[in-house]
Amino acid sequence: MRKKIFIVLLLIVMIVPVYSVKAASSANTIAELRKEIAALKAKKQAQSSAKSQTQSQINATTNSLNQTKNEINEGRRQIEEAKTQIEQLNKDIKDGEENIKNLLNSQQINSADNAYLDYIFKATSYADFVYRYTVIKQIIDYNKDQINAWQEKISDNEQLQVDLANKEVELNNKVATYESDIDKLGDKLSEYSDIVMDIQDEIDSTQELLNYYVKLGCGENQNIYECISVKGDTTFRKPLVRGTITSYYGYRIDPLTGKSTKFHSGDDIGGNKEGTNVYATANGTVGKIIRKASCGGNQVYVWHTIGGKKYTSLYMHLLTINVSIGDKVDSNTVVGTVGGGKGTWAWETCSTGAHLHFTLATGWYGDKNSYLSYSKFLANTIDPKQTLNLPSKGIWWYSR
């Protein structure tokens, strides 16, 4: 019976749901990338003639996006809870076996049935016989109760796995709907982000990337993946040697106006003066650069491959940019220096003081096989605090 229990437990532990979100662009060559730039220009022209939305539409979209993210977070929480329950079940079984063993040892009895009988019939008196029978009955009953309890827990966990499998299907459908909505909304997400990407900046940075591919010698209709490579890494490091979180990723009150909730696409790191070195968070390739944007200032986007998965890191409000498109970087490369204060106010209006805005997103923003639009980049952002294991707001760190 115990062997069967352990086999079932092993199967339960091995079942781990996996979630994946994929985004793709149809552009695979320089020629197709030129078409993407042409489409961006057409989009800009369309936006200049018609770009109005009602507040009710914005609120409805915001609620929809929040609900989707909450659904995903709830699914992840249930997965962790299932793992915890399975771990507790293993512990209960181990504790139960130990209790049975202690009962047997206390009476110097082996667990075999014939040993039970031998123990009973060695009684020296009727009272001793009753005592020994009572002990054996207690052990057998305890054993039976433990087995029933284990089987009940196993049954509960099996049902839990079924529920989680159904939840996985539901969440995947939610994710698919979410991606479809983002494609339809286009720049709507950008309109209620507190740091926006001007479409001209997006055109210019994409054009700069195209120029880099041409400089590499990539053919007009050659798959660009044959021309580039991104050195992989195993983990992320903090972008600054010291600092403290001053504002988290997620929705917040706009610090510039003090009004309305805005989506903050990364973590703000303060505590450093302008000119402080900002480091790449991991091995990678500089994939996109924005210079002196009115909202966000100097920006560097680095492509990473961590554990076989693609990510983009963003370093915003930089005083200086120390890298170029296509540069290979590692975690000791200085990509720029901290700005956001008086040194950058001549060209940007979205910073209240010296700090680094640091963002992480899945996929390679600006790469034709991931996505090219800033709205898609926002949709793929993740919480840097969780990924980099950053301390809570207000707590300082002094090493990367």
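Guide: Strands themselves are DSSP runs of E, at least two residues long, while helices are H or I runs of at least four, and both are numbered from the N terminus. Keep in mind that this is a predicted model, where local features need pLDDT of at least 70, side-chain atom pairs count only at pLDDT 80 or more, and totals for chains, interfaces and linings use all residues. Residues are numbered from 1 along each chain as its sequence is written, and side-chain values use heavy atoms, with hydrogens and water left out.

Visitor: What makes β6 and β9 a pair?

Guide: Strand β6 (residues 284-293) and strand β9 (residues 328-329) share two antiparallel bridges, and at least two is what the rule asks for.

Visitor: Why is β6 called mostly covered?

Guide: Buried means under 20% relative accessible area, exposed means over 50%, and partly exposed is in between, using a 1.4 Å probe and protein chains only. Eight of the ten residues in β6 come out buried.

Visitor: What makes cysteine 295 and cysteine 350 a disulfide?

Guide: The cut-off is a pair of cysteine sulfur atoms within 2.5 Å, and the sulfurs of cysteine 295 and cysteine 350 are 1.9 Å apart. So this pair qualifies by that rule. The pair links distant parts of the chain, 55 residues apart: cysteine 295 is in the loop between β6 and β7, and cysteine 350 in the loop between β10 (334-338) and β11 (356-362). The structure holds one disulfide.

Visitor: Why is the disulfide called left-handed?

Guide: Because the torsion about the S-S bond of cysteine 295 and cysteine 350 is about -105 degrees.

Visitor: How do you know whether cysteine 295 and cysteine 350 are buried or exposed?

Guide: Cysteine 295 has 8% relative accessibility, so it counts as buried. Cysteine 350 is buried too, with a relative accessible area of 18%.

Visitor: What makes β10 largely enclosed?

Guide: Four of its five residues are buried, so the rest of the structure largely encloses β10. Strand β5 (residues 277-279) pairs with β10 over three antiparallel bridges, and strand β8 (residues 309-321) also pairs with β10 over three antiparallel bridges.

Visitor: Why is the pair of tyrosine 301 and tyrosine 365 called edge-to-face?

Guide: Rings of Phe, Tyr and Trp (its six-membered ring) pair if their centres lie within 6.5 Å; planes under 30 degrees apart are stacked, over 60 edge-to-face, and the rest tilted. Tyrosine 301 and tyrosine 365 lie 5.2 Å centre to centre with 75 degrees between the planes, so edge-to-face is the label. Tyrosine 301 lies in strand β7 and tyrosine 365 in the loop between β11 and α8 (374-379), so the pair ties together parts 64 residues apart in sequence. Tyrosine 301 and tyrosine 365 are both buried.
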